[in-house]
Every structure is written in C-alpha cells, then in structure tokens.
Amino acid sequence: MSKIVHSSTDLNNTILDHIQSARRKGSSLDLHINSGNRQGIVQIRSGQLLSATTGKLNGNGAVLTLVSLENTTIAIDEQSAPVPKNISLSLEQILHYTSSLQTQSQKQIPVDEEKYLEDALLLFFQFKNKQAAELLLRILRQNRFYYPAWLWQSRLLTRDDYIIKALDEAYRWGNDDRDVWRESRKMRPQLEDIPESVKRCVFCWSLLDEGTTCGHCKASLIVTGQPLASDIKQEEIQQSLVYYHRALEKDPENARIAYTLSLGSFNLKQYEKALPLMRDAVRLSPQSTLYRKSLSLLLTLAKANDRNPEPEARKAPRHQSSQATVMMVEDSKTSRKVLSMLFERLGYRIVEAENGAEAMAKAQSASIDLILLDLMLPDINGHELLPKLRQLKGMKNIPVIMLTGRQDSTDRLLGIQSGASEYVTKPFDPKKLTELVQQYIKKTRDPNKAPLPSLTTNTLKADQPTAPATGISKQQTGESQKRGTPVISPASVKNSQKSIFVIEDSQTSRKVISMILGRNGYHIHEATTGQEALELAPNIQPDLILLDVMLPDTTGYNILPQLKEMPHIKDLPVVMLTGKTAPSDRMKGMLAGSNEYLTKPFNPQKLLSVIRGYL
C-alpha cells in the first residue's frame, strides 16, 4: 500500500530523509515525486540508492534535480523488483551538492528546461550561437544538473578549456546518458595539444585541423571535384541535416543553412538535392564567392553523374534473398510491434525505423522491397521524408504505402504528390493492408517466383480481428455460411471463453487490442465513452476490464469507482491502459481501484502476460 508525504520546505530535504531512512533500514522503495510540472522516480533496493529518472534526465543529474525540488508530493511504494543502477554518486556526495546549492541558491523565475533546450537547438542550427548560449545558460543557472544543456554548450564553444569544462559537467551529471558517453569518447582525444581557439565541424562538431575534411565524420567541408572519403559517417551527417532542415523552415532566408544543407547532400552524393539548396544560398547571398564556386562545381558534378550512370552489369542484384523485406517507418512502438507480428507471419523480413534519420540510414544499408511510412514522425513528416528516400540509390521505384490518422483529402493529395504509391488512413483493416502489401511486393519481386502466402488462404483466417462485443468478425460469419459451417452467435459463446471489457475511445487502439486479444481466444465487449460503459456493463459478464484513462466524457479515475459499485463488476481485475506516464497518474489509477497500470505504447506480449496472470 502506498503512502503520501507532503513537503513544503524551501529546499526539499524530505526526499533525502527517506533515502537515508531506507539506507538505515535496508528498505526497498520506489519514491514517486511530483512537484508541479516535474515528476520523477527514485529507486532504492536493500538500502542502496540505485536509480533515478525525471523527464530527459537519468542517473546523477536526475537524483540531484529531484532532491533539489521545492514543494513536492511523494508517493512511497514498497518494491523488490530489480532495477539497473544508473547513479554513481554516493549519498554523502549528494548531500554535499545539495548543501552547497542551499547556501548559494537565489530565487529565479523558473524556466521550462525542455522548451528552452528546444529553442536553443533551433538557434544553434541557425548559426545564432550567442542567442543559443544565452538560453542554455538560463537552463543551467536554474538547474546545474541538466546535462543535455552542458552537452550542447560543449558543442558551440571554441576555446579548449571551456569545451573541457562543459564536457566534464555533462559527464558528471549525465553519467548514464549514451549521447554524453559518445561525445566524451569522441572529443577527449581531440582536446589534447590543440590551439587555444578551434573551429568545429558543422555536421558532427568535432575539432578541425588545417585541411578541408573532418577527421571524425570524414565529411568534406567544401564542394570539391576530388573523390570523397570512402568511410564517411553518413548516419551522423543525416542526423544533423534533420536539424538543419527544421532550422531552415523557421528561417528560410538564412543562406548559411541552405549552404550547409547543400554541402551535406553533396557529401551523401545526392546532387539533385544539393543543387536547389546551393542555388538558394547564392540567391540569398549573391556576394559570396564560395557559394558561387560551389554551385558551379555542383552543376559540373551533376552533369558528369548523368553521363556516367552505373553500368547494369556492375549493379548489385536487389534481391539476393527469397525473403521480401518491408521497412516500417513509424514512431509508435505499439504500432510497429503489431505490424511486425502481422507481416512476419507472412514470411517477410522486417526493418524498423522510428524517425526520419533512422529510416534514411537503414534504407541505405538494407535491400528494401516496400516501405510503410507514417505521416507524423518526431523529426520530420512523411511528405518531406519520402522525396529524400527516393533520392537514395535503388529506392526510386520502391512502393511506399503511407499510413496515417489524417483523413483530409489535401493530405492524401500531398502524399501522392510526394511519391507515395498508396495512402491508407488509420484505423486500417489488417486484411486489406496485408493484401495491398502483397500485391506491391509481387510486382517488385521476380515474376517467376512462387507466390507469397495470401490472406485468402487459411494462413490468417484464425487471426481475423474480432468484431465489437461478439468476438466474431462479419467476414468470418459470411465465409462460414458459404461453407455451410454452423455460425456461432454471441449467445452461444461457451462460458469457458474468457471475455474482456475494453473501454477505449480511440478506434485505432480498439482495433489493435481486439486483434491481439481475439487471436488469443478472448471474447471482446467494447465501449467508447464512460456513459456507454455504464450502460453496457449491467448487461455483460466480463472477466477483466481494460480501461483507458482519458475518455471523451470523463476519466478512467472517475468511471472506475462507479463500475465497482455493480456487484458483478466489484471484484473484477482492472488494467488501466493509457498514454499518461507520470508517477502521480499511476498512483491515482491504483487509488481508483485498478490492479495494473500499463502505459502506451504497450508491449502486446506484456499486455497478454498481465491478462493471463489474472485470468
């Protein structure tokens, strides 16, 4: 059972008190901490302080940020499940740092660290380093332990001693952060025996020597007719270009961004893309001799490339394996898992990418037969990403199916104009989608090859999504009638079949959940609002309830106590399934009467495991 402790001290030592008490008693606790817009968790096992997380922060930076919060609410859970250690500081060191903060602290107007960091990065990639540095400093004045700000601060500095100090701070507080480790490992050797002031690579921020090629990512920093390095780190260049594209959208008259984007495309040998960007740079800054010479060289290289296409005999065969490959570009972990299960059953190899940069990298390293492309991605939208993918070698004619929840006809037109073969809106019919994928893959594969399994065979009939409140799809009913097979009506479902009451307003989520549960033999009842759930509940006999927190007319926290008043619902297990991830939300769910609290995107296997544990 959780207990809640309120604190209103100026510098919150209550969290430290609980940590010290747990160390003395050898307790195993999770401290769920809430302070306005900041939530986090501190985890202690057998009296040892092991882990802390809050927002973008993990490890040392997270625990020091949390213990420095004011006016916190703490929920304490006794937990014994093992957790990975991400804190390297001792309790004595934590006490020392918080004590020094207490003596030096000055009241400041609080800043939204994540918003300020986002704004600073936009300025950074617009080459407005002074403004970017000011925003980063505002973050660090408020929270010295916010190590992403130290990391980016280290990238815009040019004096060796300042770079070393910023890296040391990032490494001290970001001891468990992979990006910090990689940056430190990359930069430490470069900081030995260097001039006091240095220049930085515009793609990977490494220190530059006398030449015109970056020693780390191997990118050429000018447009040249000389051969490019064979070991260019293309992924690092592509990742930086995503940021530069975003910066150019906000500042389209910035010639330097256009030039840098063109230079990046040149290093990737994407001349058709590099040319219009370099023309923009010349148009915006016609007095620049560098830009004019670069444009002239690009025109020459592009013409030479058109005259000397790669001979067919030297091209590597696209299909060296009988197994077709589908690349899924989708930021939702749940959607990727569901689609992977769907297509792996048909014998396809799956390549996953959760953002545009990852899609660009994987498209170059794998032989792709078809792409499923989500429209809304974290770093770029599908309309912008698709032309970039088409520029890659061997990707020009690969079929692309756009998957999106946006149903506006303008979005559909944009999708087709950007190069999509099909535009499928969510929620989609799994059967229709797989049939569509099969049709396109058959066109791209060897026509003499034996056909791939079809959904019209028995391969997937047992896995059809269940229809609401019956567990039987309309298509299955019709096919059963055609074959003369007796149709099972809802009233004749055996009592031994477990039923689950799904209360979820998202049609896509309901379809996905129904597909997962239906193929595992569960009978489904569905409601889309709190009122509909209250009206349906007296007339059904579910064995378990899956409850979303955010409903159109109420919340799961409010509806659950009302459902629990019904005698046949009172003792049923309830699993809350929601996108709300704050520890305080989990606590509210448990207090409302839920048995489990799973966050979206959910792992289908974990969901099934939880359900089976109760049923």
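The charged end of Arg172 sits over the ring of Trp173, 5.5 Å from its centre. Here, a charge sits over a ring if NZ of Lys or CZ of Arg is within 6 Å of the ring centre and within 35 degrees of the ring normal. This is a predicted model: local features need pLDDT of at least 70, side-chain atom pairs count only at pLDDT 80 or more, and totals for chains, interfaces and linings use all residues. Residues are numbered from 1 along each chain as its sequence is written, and side-chain values use heavy atoms, leaving out hydrogens and water.

**Aromatic pairs**

- The structure holds 16 aromatic pairs. Rings of Phe, Tyr and Trp (its six-membered ring) pair if their centres lie within 6.5 Å; planes under 30 degrees apart are stacked, over 60 edge-to-face, and the rest tilted.
- Phe124 and Trp152 are edge-to-face, because their ring centres are 5.4 Å apart and their planes stand at 75 degrees.
- Phe124 lies in helix 4 (residues 113-124) and Trp152 in helix 6 (residues 147-156), so the pair ties together parts 28 residues apart in sequence. Helices (H or I, at least four residues) and strands (E, at least two) are DSSP runs, numbered from the N terminus.
- Phe125 and Tyr243 are stacked, at 4.7 Å centre to centre with 5 degrees between the planes.
- Phe125 lies in the loop between helix 4 and helix 5 (129-142), and Tyr243 in helix 9 (residues 234-250), so this pair ties together parts 118 residues apart in sequence.
- Ring pairs link Phe124, Phe125, Phe127, Trp152, Trp205, Tyr243 and Tyr244 into a cluster.

- Buried means under 20% relative accessible area, exposed over 50%, and partly exposed in between (1.4 Å probe, protein chains only).
- Phe125 counts as buried because its relative accessibility is 1%. Tyr243 has 30%, so it counts as partly exposed.
- Arg155 lies over the face of Trp152, 4.4 Å from the ring centre.

- Five strands form an open sheet in the order 8-7-9-10-11, with parallel pairing. Two strands pair if DSSP finds at least two bridges between them.
- Strand 8 (349-353) and strand 11 (422-425) are the edge strands, and each pairs on one side only.
- Strand 7 (residues 325-329) and strand 9 (residues 370-374) run parallel and are joined by 4 bridges.
- Met327 stands opposite Ile371 in strand 9.
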